[in-house]
Amino acid sequence: MKTIRTHCNGCFGQRDHEVLHREIVERYEEFAPGDFEHRRDEYILVKCCGCQSVALLHDMTSMPFSEWAHNRYPPEETRQRPERIFSLPLERDVNSLLNEIYTALPSHLYRLVVMGIRSLLERIMIHKNGDCGTFRENLRSFLDMNFISKSDFDLLVKAFEVGHAATHRGYDPSREEALLLLDIAEHIMECVYANAERAERLNQHSLPPRQKAERTKGKLNPNDKT
Ligand SMILES: [Zn+2]
């Protein structure tokens, strides 16, 4: 079995992959009288020896232009999907938006990522607190209802500004900015959904009733004459 080592989105790291199929396509095109471009495309279908995920690797070279490209399908994920967040009781559209954000991320579509995060936060606020009109009013209401802290509020105002600039002013955010906003969004989701879930689970436990008699024992009991 022939193997190559490459990134696996399933295992999220470098893993040995079995080569299922390899195809090389070469062609020559005359771009000037007597001068030819030699383009070579190599496709390798691989399967992870660990988790069995399948991916297609594509390498292209072009001479004499010295052009080259390396593609991979599906694109290499550089940030692992947070299963913890996805397993929370998210509304259908919130789950779908988060999924789309993680799909755009490995393709470096950071403008879409940032716009998606803004929509995601807006949907969460509307689900939990109704629609108050604008993003900022929704945010203020979210703070008033104690879904978020004042420091979360300040973070979200900044996130809103980046999202607004990307949506309306053609701003092209960096990868670092996109990841930072995603951190903020996931932190908010953790606060809003996970804490509600924890409180629910705690409520399901039946605690033993407090023993009133025990309170009167000891030196604090004024009737205790020791
Ligand atoms: Zn794998």
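I started with α5 and α6, and their crossing is left-handed. What I have open is a predicted model, so I'm reading everything here as computed. I noted the ranges: helix α5 covers residues 150-168 and helix α6 covers residues 175-204. Their axes come within 10 Å and cross at roughly 140°. That angle makes α5 oblique to α6.

Next I looked up who does the touching. From α5 I wrote down Asp152, Leu155, Leu156, Ala159 and Val162, and from α6 Glu177, Leu181, Ile184, Ile188 and Cys191. Sorted by class, this α5 with α6 contact has eight nonpolar residues, two charged ones and no polar ones.

**The overall picture**

I stepped back to see the whole protein. I found seven helices and five strands.

Then I checked the dimensions. The C-alpha atoms fill a box of roughly 110 × 50 × 30 Å along the principal axes. The radius of gyration is 27 Å, whereas a compact globule of 226 residues would have one near 17 Å. I also looked at burial: 18% of the 226 residues count as buried. For contacts with a separation of 6 or more, 53% are between residues 24 or more positions apart.

**α4 against α5**

Back to the helices. I took helix α4, residues 135-144, and followed it to α5. The two axes come within 10 Å and cross at roughly 170°. This makes α4 roughly antiparallel to α5, since angles over 145 degrees are counted that way. The crossing in which α4 passes α5 is right-handed.

On the α4 side I listed Phe135, Leu139 and Leu143, which meet Lys150, Phe153, Leu156, Val157 and Phe160 in α5. The class count for α4 with α5 is seven nonpolar, one charged and no polar.

**α3 against α6**

Which way do α3 and α6 run relative to each other, parallel or antiparallel? I looked up the angle, about 15°, with the axes 9 Å apart. The two helices are therefore roughly parallel. α3 passes α6 in a left-handed crossing.

I wrote out the α3 residues in this contact: Tyr110, Val113, Val114, Ile117, Leu120, Leu121, Ile124 and Lys128. Their partners in α6 are Arg175, Ala178, Leu181, Leu182, Ala185, Ile188, Met189 and Val192. By class, the α3 with α6 contact has 14 nonpolar residues, two charged and no polar.

I picked out Arg123, which sits in helix α3, residues 110-129. Is Arg123 buried, partly exposed or exposed? It counts as partly exposed, because 17 C-beta neighbours lie inside 10 Å and burial takes 20 or more. Setting aside neighbours within four places in sequence, I found Arg123 in contact with Asp93, Val94 and Leu97. I also checked Arg123 against His7: they are 116 residues apart in sequence and 34 Å apart in space, C-alpha to C-alpha.

His127 lies in helix α3 too. It is partly exposed, with 14 other C-beta atoms within 10 Å. Leaving out residues up to four places away, His127 touches Glu91 and Val94. For His127 and Val94, 33 residues apart along the chain, I noted a C-alpha separation of 9.3 Å. Val94 is among the contacts of Arg123 as well.

Last, I went through the loops. A cis peptide bond joins Met63 and Pro64, with omega about 10°. Pro64 belongs to the loop between β4 (54-63) and β5 (67-73). Another cis peptide bond joins Tyr73 and Pro74, with omega about -5°. I placed Pro74 in the loop between β5 and α1 (83-86).

Ser66 is exposed, with 7 other C-beta atoms within 10 Å.

His108 also has a positive phi, near 60°, and is likewise not a glycine. I located His108 in the loop between α2 (92-104) and α3. With 13 C-beta neighbours inside 10 Å, His108 counts as partly exposed.

Methods
Residues are numbered from 1 along each chain as its sequence is written. This is a predicted model: local features need pLDDT of at least 70, side-chain atom pairs count only at pLDDT 80 or more; totals for chains, interfaces and linings use all residues. Helices (H or I, at least four residues) and strands (E, at least two) are DSSP runs, numbered from the N terminus. The radius of gyration is taken over C-alpha atoms; the globule rule is 2.2 Å times the number of residues to the power 0.38. A residue is buried if 20 or more other C-beta atoms lie within 10 Å of its own, exposed if 12 or fewer, and partly exposed in between; C-beta atoms are placed from the backbone. Two residues are in contact if their C-beta atoms, placed from the backbone, lie within 7 Å. Axes are lines fitted to C-alpha atoms, for helices over the stretch in contact, and angles run from 0 to 180 degrees between N-to-C directions. Angles under 35 degrees count as roughly parallel, over 145 as roughly antiparallel, 65 to 115 as roughly perpendicular and the rest as oblique. A crossing is left-handed if the near helix is turned anticlockwise from the far one by less than a right angle, and right-handed if clockwise. Ala, Val, Leu, Ile, Met, Phe, Trp, Tyr, Cys and Pro count as nonpolar, Asp, Glu, Lys and Arg as charged, and the others, Gly among them, as polar.
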